[in-house]
Amino acid sequence: METVVVLTGAGISAESGCNTFRDNNGLWRNHRVEEVASPYAWQHTPQLVMDFYNERRKKLFTAQPNAGHYALVKLELKYRVAIITQNVDDLHERAGSSHVLHLHGELKKARSTVDPTLIYELNRWELKLGDLCEKGSQLRPHIVWFGEPVPMIEQAIETAKQADYFMVIGTSMVVYPAASLIHYIKKGIPTYYVDPNATSKAGNPLHIIKEKAGVGVPRLVEQMLNQ
Ligand code: NAD
């Protein structure tokens, strides 16, 4: 069975009602998102950081996967599909995808601030200052913030190397190291980039599909299932 490796970003979840970071000019309550999603903000304004993620988590509990997520599940009829997502939502899993690697963490999880191996599922939207791990330390969102190492990148690189087809969906390809994954794929394999603002920045040879994920991904998947 051939392997399709798919790198997804915030754009694939936009039609599910989850904002991308570039929406509202990259601002949230007049703060630059990159500044809120950072260790510095957690140190100096932890309530602000909690509010930011609580707001997103609350939305996620009511959001539903869209046609783009579901099309990637259908692709498993013919291919081994490995998804590498920069998204912190769980919409790929809820749609039914079998292999999902989260590069930047997961919104519905919290982790200890003294022991990173202590990770907890959140079955509620609100995480509060004062919520503690079993060792008595504050819980933080289980998110890779800007400026933090990306522990899953090695595994993602190994996955990218196995691709017979590579797809990039709904990402601006400006956040590293995720954007560098394109450099690890085998030379000359078919590569597709579905994004209304796609440019040839993502590498080549490249088939650019300037469509929203909900339209472009189902179409591409039908084409791949029928070839
Ligand atoms: P980004 O905000 O930098 O880029 C989003 C991309 O999506 C843009 O290129 C835009 O053209 C495209 N887009 C917008 N609507 C689309 C649609 N309907 N279909 C297809 N593409 C569409 O996001 P990014 O590149 O993923 O990276 C920024 C960071 O944002 C990541 O680290 C990620 O963790 C985080 N993020 C995650 C979520 C989520 O989990 N849903 C949401 C916002 C941001």
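1. **Ground rules.** This is a predicted model: local features need pLDDT of at least 70, side-chain atom pairs count only at pLDDT 80 or more, and totals for chains, interfaces and linings use all residues. Residues are numbered from 1 along each chain as its sequence is written, and side-chain values use heavy atoms, with hydrogens and water left out.

2. **The six-stranded sheet.** Six strands form an open sheet in the order β5-β4-β1-β9-β10-β11, and the pairing is parallel. Helices (H or I, at least four residues) and strands (E, at least two) are DSSP runs, numbered from the N terminus. Two strands pair if DSSP finds at least two bridges between them. On average, neighbouring strands here are turned by 15° against each other, direction ignored. Axes are lines fitted to C-alpha atoms, for helices over the stretch in contact; angles run from 0 to 180 degrees between N-to-C directions.

3. Strand β4 (residues 80–85) pairs with β5 in the parallel sense, over three bridges. Look for Ile-84: it stands opposite Leu-101 in β5.

4. **Helices on this sheet.** Helix α6 (residues 153–161) packs on the sheet and touches β1 (3–8), β4, β5 and β9 (165–169). Contact means heavy atoms within 4.5 Å. The direction of α6 makes about 145° with that of β4. Helix α7 (residues 213–226) lies across β1, β9, β10 (191–194) and β11. It runs at about 155° to β10.

5. **The three-stranded sheet.** This open sheet has the order β7-β6-β8, with antiparallel pairing. Its edge strands, β7 (119–121) and β8 (139–143), each pair on one side only. Neighbouring strands are turned by 45° against each other on average, direction ignored. Strand β6 (residues 105–112) pairs with β8 in the antiparallel sense over five bridges. Glu-106 stands opposite His-142 in β8. Helix α3 (residues 46–62) lies across β6 and β8, at about 130° to β6.

6. **The ligand site.** Which residues come nearest to the ligand? Of the 26 around it, they are Arg-22, Gln-86, His-104, Ser-172 and Asp-195. A residue is near if one of its heavy atoms lies within 4 Å. A polar side-chain atom of Glu-15 lies 2.9 Å from a ligand nitrogen atom. The protein covers 92% of the 850 Å² of accessible area that the ligand has on its own (Shrake-Rupley method, 1.4 Å probe).

7. Most residues other than glycine have a negative phi, and most peptide bonds are trans. Arg-29 is not a glycine, yet has a positive phi of about 45°. Find Arg-29 in the loop between β2 (27–28) and β3 (31–32). A cis peptide bond joins Tyr-176 and Pro-177, with omega about 10°. Pro-177 sits in the loop between β9 and β10.

How values were computed
Polar contact = N/O pair within 3.5 Å; in protein donor to acceptor, adjacent residues only side chain to side chain.
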